[in-house]
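Subject: Structure for you to look at

Dear colleague,

Here is the structure I promised to hand over, with the sequence alongside it.

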Amino acid sequence: MKRRGGLHRLMRKRSTTAVLMCLPLMAIVAGLIIYPAIYAVYLATLNRSQTRFIGLDNFTYLIGRDTFQMVIEQSVIFALSAVFFKATIG
C-alpha cells in the first residue's frame, strides 16, 4: 500500500481549504483598508510640506489648540445625544 505525503493530507483538511479560499479576501482587505490606514498615520507624522519626519509634533500642536478642544467636546456631545435619541425613538 502506497503511503500519501503530508502535503496531500494537509490539503484534504477542510480548515486548510477554508483558509486558502479566504486568502484573496484577506489580501483585498489588507490592500484597501490596512495599507491606507498605515499610510495615513505615516503622512500625519510629516511636516506640512511632507518632506521631513516630525513624529508626534502635529498631534501635540493640535491638542494645545482651543479650537480643537471645542471640536472634540462638540463631537462627543453630538455622538452621545444622537445615540440617546436614536435609542429612545427606536
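How many helices and how many strands does the protein chain have? Please keep in mind that this is a predicted model, and that in it the protein chain has four helices and zero strands. Read from the N terminus on, the elements therefore run α-α-α-α, and the radius of gyration of the chain is 25 Å, well over the 12 Å that the globule rule gives for 90 residues, so the chain is more spread out than a compact globule. Along the principal axes, the C-alpha atoms fill a box of roughly 80 × 50 × 15 Å.

Part of the surface is a nonpolar patch formed by Leu-25, Ile-28, Val-29, Leu-32, Ile-33, Ile-34 and Ile-38, which together have about 700 Å² of accessible area. One of these, Ile-38, lies in helix H2, which covers residues 14-44, and Ile-38 counts as exposed because its relative accessible area is 57%, over the cut-off of 50%.

Next come the aromatic rings. A pair of such rings is described by the distance of the centres and the angle of the planes. The count comes to three aromatic pairs. Tyr-35 and Tyr-39 form a stacked pair, with 6.0 Å centre to centre and 15° between the planes. Both of these tyrosines lie in helix H2, four residues apart, which is about one turn of the helix. Tyr-35 is exposed, at 54% relative accessibility, whereas Tyr-39 is partly exposed, at 40%. Phe-84 and Phe-85, in turn, form an edge-to-face pair, with 5.3 Å centre to centre and 70° between the planes, and Phe-85 is partly exposed, with a relative accessible area of 49%. Ring pairs also link Tyr-35, Tyr-39 and Tyr-42 into a cluster.

Finally, is Asn-47 buried or exposed? Asn-47 sits in the loop between H2 and helix H3, the latter being residues 57-63, and Asn-47 counts as buried because its relative accessibility is 17%, under the cut-off of 20%. Leaving aside residues up to four places away in sequence, Asn-47 touches Arg-52 and Ile-54.

A colleague

Conventions: Residues numbered from 1 in each chain as written. Predicted model: local features only at pLDDT ≥ 70, side-chain atom pairs only at ≥ 80, totals over all residues. Heavy atoms only, no water. Patch = residues over 30% accessible without salt bridge, like charges linked within 9 Å, V, L, I, M, F, W, Y side chains within 5 Å. Areas by Shrake-Rupley, 256 points an atom, 1.4 Å probe, with all protein chains shown as cover. Salt bridge = Lys/Arg side-chain N within 4 Å of Asp/Glu carboxyl O. Helix = DSSP H or I, 4+ residues; strand = E, 2+ residues; numbered from the N terminus. Buried < 20%, exposed > 50% of the residue type's maximum accessible area, 1.4 Å probe, protein only. Contact = heavy atoms within 4.5 Å. Rg over C-alpha atoms; globule rule 2.2 N^0.38 Å. Phe/Tyr/Trp six-rings, centres within 6.5 Å; stacked < 30°, edge-to-face > 60°.
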